[in-house]
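Hello,

Here is the structure I promised to pass on to you. Please have a look at it first, and then read my notes below.

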Amino acid sequence: YQLVGPLLSGALLAMRVPFGGVMVVLLVIALCAIAFGLSLVREPHTPEAGCGVATAAASGTQSLSERLLQVVLLFRERNMVLLVAPNVFYGALESFVFGRFPEIVGLEFIGWVMATFGVSNAASSIVLGRLSDRVGRKRVLYGGGLAFIAGVSAAAVGSVRFYFAAAALFGVADAALTTQLSAIFGVLWPANREAAFGAFRCVLSLATALGFVLSLATSTAVNVG
C-alpha cells in the first residue's frame, strides 16, 4: 500500500482530479480491500462449554471505560512521561512528511516521491528491527533522528533529486521511530500492552494533529505577511 497508494494518488492529482474525488477512489479501494480480507477470515473454533467459560474468565474482558482509565493512569508513571518527548517528535515528523512535504514537492512528482518514502520505510523497518538487536535501540533512535534532520536539509535544497533523497531519509527516520518505540512500549509494560499502545497512539495522534495545525497557521501567517 505504501507503493501503490502514493503512485495512484499522484496520478489522479496529476490528471487534475479534485481532491475529494481522489479521496472517494481511495476509500472505495480501501473498503474493497477490507471486505476481501474479511472474506478470508475463518471463524475461530468454538471450545466446549466448560472451557469457554474458563477462557472468558481468564481473558479478563474489560469495558471501554476501564480500558480508557488504564491508559490515563499510565501517564502517572515516570517512564511514560519520559516517552512523551520522542512521541511528540514522531508526531512532528508525521505531520511534516504527510502535510508540508507534499506541498513542497508539487503535483508532478508527488506520487513517485511518496512511493520512495513508502519503499524506504518498509525496507528500513525490516532492517532496523534486526539491527537494534545488535547495536541497541538507543543508537537506532539516534540514527532515525539524524535521518530526519538530513531529510529536512535535503528538502530545503529545492531540487527534484533532493526531494527523492529526502523522502528516502524520511522513510528511514519513520521506520526507526516506529519499530523502536513500539518495542519499547511492549518491553516496559508487558502485562499491560493494550493500555501502553493506547497511550502511545494517543500522544502520537495529538502531536501529529498539533503539527498540522501549526503548519497551517505558519503557512497562513507567511501568506498574510
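Predicted model: local features only at pLDDT ≥ 70, side-chain atom pairs only at ≥ 80, totals over all residues.

Residues are numbered from 1 along each chain as its sequence is written, and side-chain values use heavy atoms, with hydrogens and water left out.

Is Gln180 buried or exposed? Gln180 is buried, because its relative accessible area is 1% (buried means under 20%, exposed over 50%, partly exposed in between, with a 1.4 Å probe and protein chains only). Apart from neighbours within four places in sequence, Gln180 is in contact with Leu128, Gly129, Ser132, Arg137, Val140 and Leu141 (contact means heavy atoms within 4.5 Å).

Now for the helix pairs. Two packed helices are described by the angle between their axes and the distance between the axes. Helix H8 (residues 137-157) and helix H9 (residues 160-188) have axes that come within 8 Å and cross at roughly 155° (axes are lines fitted to C-alpha atoms, for helices over the stretch in contact, and angles run from 0 to 180 degrees between N-to-C directions). H8 and H9 are therefore roughly antiparallel to each other (under 35 degrees counts as roughly parallel, over 145 as roughly antiparallel, 65 to 115 as roughly perpendicular and the rest as oblique). The residues of this H8 and H9 contact divide into 21 nonpolar, 3 polar and 1 charged (Ala, Val, Leu, Ile, Met, Phe, Trp, Tyr, Cys and Pro count as nonpolar, Asp, Glu, Lys and Arg as charged, and the others, Gly among them, as polar).

Helix H6 (residues 84-105) and helix H7 (residues 110-135) pack at about 140°, with axes 10 Å apart, so H6 and H7 are oblique to each other. In the contact of H6 with H7, 9 residues are nonpolar, with no polar and no charged ones.

Finally, a word on confidence. The protein chain has a mean pLDDT of 76 (the predictor's confidence in each residue, from 0 to 100). Confidence is highest in H8, at 88, and lowest in helix H3 (residues 49-59), at a mean of 43. Over residues 220-225, pLDDT stays under 50, and the model has 0 contacts there beyond four places in sequence.

Enjoy exploring!

How values were computed: Helix = DSSP H or I, 4+ residues; strand = E, 2+ residues; numbered from the N terminus.
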